[in-house]
Amino acid sequence: MNNKKIYWNGTKSELVEICYALYTNKLIEGDHNNLLNFKEICNLVFDLLGEKITHNPYDNVYQMRRRKKKTSTSVLYKSFKKCFDC
């Protein structure tokens, strides 16, 4: 991979939400085809984007689950809606 830097412009909660989506859909594997756990995926993604990982990403997931308007506040929902709405 080249030495170009990439940066995250969203919030850390949004980045944790993306990590959680990768985890729940079992989209990232490690060595020997073993699935990475949620914390490992967070470490990988945050490191890739040069961000400092939140103290406990599980707290962010807990807060996401407690949202009253899950669909309207989710960065993933907003992006999917934008892509698929005609």
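How are helix 1 and helix 2 oriented to each other? Helix 1 and helix 2 are oblique to each other. The rest of this text leads up to that pair and then past it.

The structure is a predicted model, in which local features need pLDDT of at least 70 and side-chain atom pairs count only at pLDDT 80 or more, while totals for chains, interfaces and linings use all residues. Residues are numbered from 1 along each chain as its sequence is written, and side-chain values use heavy atoms, with hydrogens and water left out.

The protein has 5 helices and 0 strands. Helices (H or I, at least four residues) and strands (E, at least two) are DSSP runs, numbered from the N terminus. Along the sequence the pattern reads α-α-α-α-α. The protein has 86 residues, and 22% of them count as buried. Here buried means under 20% relative accessible area, exposed means over 50%, and partly exposed is in between (1.4 Å probe, protein chains only). The accessible surface comes to about 7000 Å², and 54% of this surface belongs to carbon and sulfur atoms. Accessible areas come from the Shrake-Rupley method with a 1.4 Å probe; for residues, only the protein chains shown count as cover. Of the contacts between residues at least 6 apart in sequence, 44% join residues at least 24 apart. Contact means heavy atoms within 4.5 Å.

Next come the helix pairs. Two packed helices are described by the angle between their axes and the distance between the axes. The axes are lines fitted to C-alpha atoms, for helices over the stretch in contact, and angles run from 0 to 180 degrees between N-to-C directions. Angles under 35 degrees count as roughly parallel, over 145 as roughly antiparallel, 65 to 115 as roughly perpendicular and the rest as oblique.

Helix 1 covers residues 12-24 and packs against helix 2 at an angle of about 125°, with the axes 9 Å apart. The two helices are therefore oblique to each other. The crossing of helix 1 past helix 2 is right-handed. A crossing is left-handed if the near helix is turned anticlockwise from the far one by less than a right angle, and right-handed if clockwise. On the side of helix 1, the contact uses K12, L15, V16, C19, Y20, L22 and Y23, and on the side of helix 2 it uses F38, I41, C42, V45 and F46. These residues divide into 11 nonpolar, no polar and 1 charged. Ala, Val, Leu, Ile, Met, Phe, Trp, Tyr, Cys and Pro count as nonpolar, Asp, Glu, Lys and Arg as charged, and the others, Gly among them, as polar.

Helix 2 (residues 38-48) also packs with helix 3 (residues 57-66), at an angle of about 105° and with axes 10 Å apart. Helix 2 and helix 3 are therefore roughly perpendicular to each other. F38, K39 and C42 of helix 2 meet P57, Y58 and V61 of helix 3 in this contact. The residues divide into 5 nonpolar, no polar and 1 charged.

The axes of helix 1 and helix 3 come within 10 Å and cross at roughly 90°. That makes helix 1 roughly perpendicular to helix 3. The contact is formed by S13, V16, E17 and Y20 of helix 1 with P57, N60, V61, M64 and R65 of helix 3. By type, there are 5 nonpolar, 2 polar and 2 charged residues in this contact.

E17, in helix 1, is buried, with a relative accessible area of 7%. Leaving out residues up to four places away in sequence, E17 touches M64, R67, S74, V75 and L76. E14 is also placed in helix 1, and is partly exposed at 26% relative accessible area. E14 and S74 are 60 residues apart along the chain, and their C-alpha atoms are separated by 7.8 Å. In helix 3, D59 is partly exposed at 45% relative accessibility. D59 and V16 are 43 residues apart in sequence and 9.9 Å apart in space, C-alpha to C-alpha.

The loop between helix 1 and helix 2 holds K26 and H32. Most residues other than glycine have a negative phi. Phi of K26 is positive, near 55°, and phi of H32 is positive, about 60°. K26 is exposed, with a relative accessible area of 56%, and H32 counts as exposed at 79%.
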